[in-house]
Amino acid sequence: MVTQSANLSRNGVTDWIIQRVTSLILAAYTLCVLGFVLMNPELDYETWSGYFNHSAMQIFTMLALVSTCAHGWIGIWTIGSDYLREHLMGPVATGIRLTFQIGCVLLTIAYFLWGMNILWGN
Amino acid sequence: MKQDSRPINVSVTDLAVFKWPIMAIASIPHRVSGALLFFGVGFMLFALDMSLSSEAGFETMKSLMATPVGMFVTWVLLSCLAYHFVAGFKHLAMDMGIAETLEGAQIASATTLFLSAILIGLAALWVIWGGF
């Protein structure tokens, strides 16, 4: 067995569960925001910012942000470890995969910090 | 680990000789849409940030989304979201033991493709008309 060092929880079963739980949170959040937008066709700034400044929505958005980061990382890690492999591209694969994964981790962290700043920074 | 000669994966040229069952056709866009969404989060955060920054920022974001490029990006992201959403629920159903037979999987895949095609079409109408 290959020891995984770059997946989210270092454990396939835990990753699997995280992926399912976060998918439900993200599905609920998507329906919530979509429903709001569809019910407010003439959306203005007051209504929009009021919606996201509501404390329940702030918590829900933060939950969705954390879920996005975890879900996105598990997904992109899977894709990277499926396609960026030695028997597909030769010995350079490990370096390419590592670079890709480090880049994606940094992007995920940037998303999280940016999202936190949007939510609590203003 | 000792290297062995078993084929673990295939080369790109092998793709042409593969059979493409409907399950495979439904599975690939799930992965592609997920990858696009991972990078699309940047666009979503940008839009959220600008729209919540101020009244002027909100109006700027609104007009950005009304440009051809803005409309296209919005539509692609909504389409990816729609497909990933529907295909994700297919996965959750399969986790619960639903549609695990060959026939069941074919029906579930066709349903996924059909439902997401409707949603993607609706997303296009919504983007073009700026609401229903």
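A contact here means heavy atoms within 4.5 Å. In chain A, residues 24 or more positions apart account for 63% of the contacts with a separation of 6 or more.

This is a predicted model, where local features need pLDDT of at least 70, side-chain atom pairs count only at pLDDT 80 or more, and totals for chains, interfaces and linings use all residues. Residues are numbered from 1 along each chain as its sequence is written, chains are lettered from A and ligands numbered from 1 in the order written, and side-chain values use heavy atoms, without hydrogens or water.

**Chain A**

Chain A has five helices and zero strands. Helices are DSSP runs of H or I with at least four residues, and strands are E runs of at least two, numbered from the N terminus. The C-alpha trace spans about 55 × 25 × 25 Å along its principal axes.

| Property of chain A | Value |
|---|---|
| Radius of gyration | 18 Å |

**B:T74**

B:T74 lies in helix α3 of chain B, residues 68-95. Is B:T74 buried or exposed? B:T74 counts as buried because its relative accessibility is 15%, and buried means under 20% (1.4 Å probe, protein chains only). Leaving out residues up to four places away in sequence, B:T74 touches B:M65, B:W126 and B:V127.

Definitions and conventions
The radius of gyration is taken over C-alpha atoms; the globule rule is 2.2 Å times the number of residues to the power 0.38. Buried means under 20% relative accessible area, exposed over 50%, partly exposed in between (1.4 Å probe, protein chains only).
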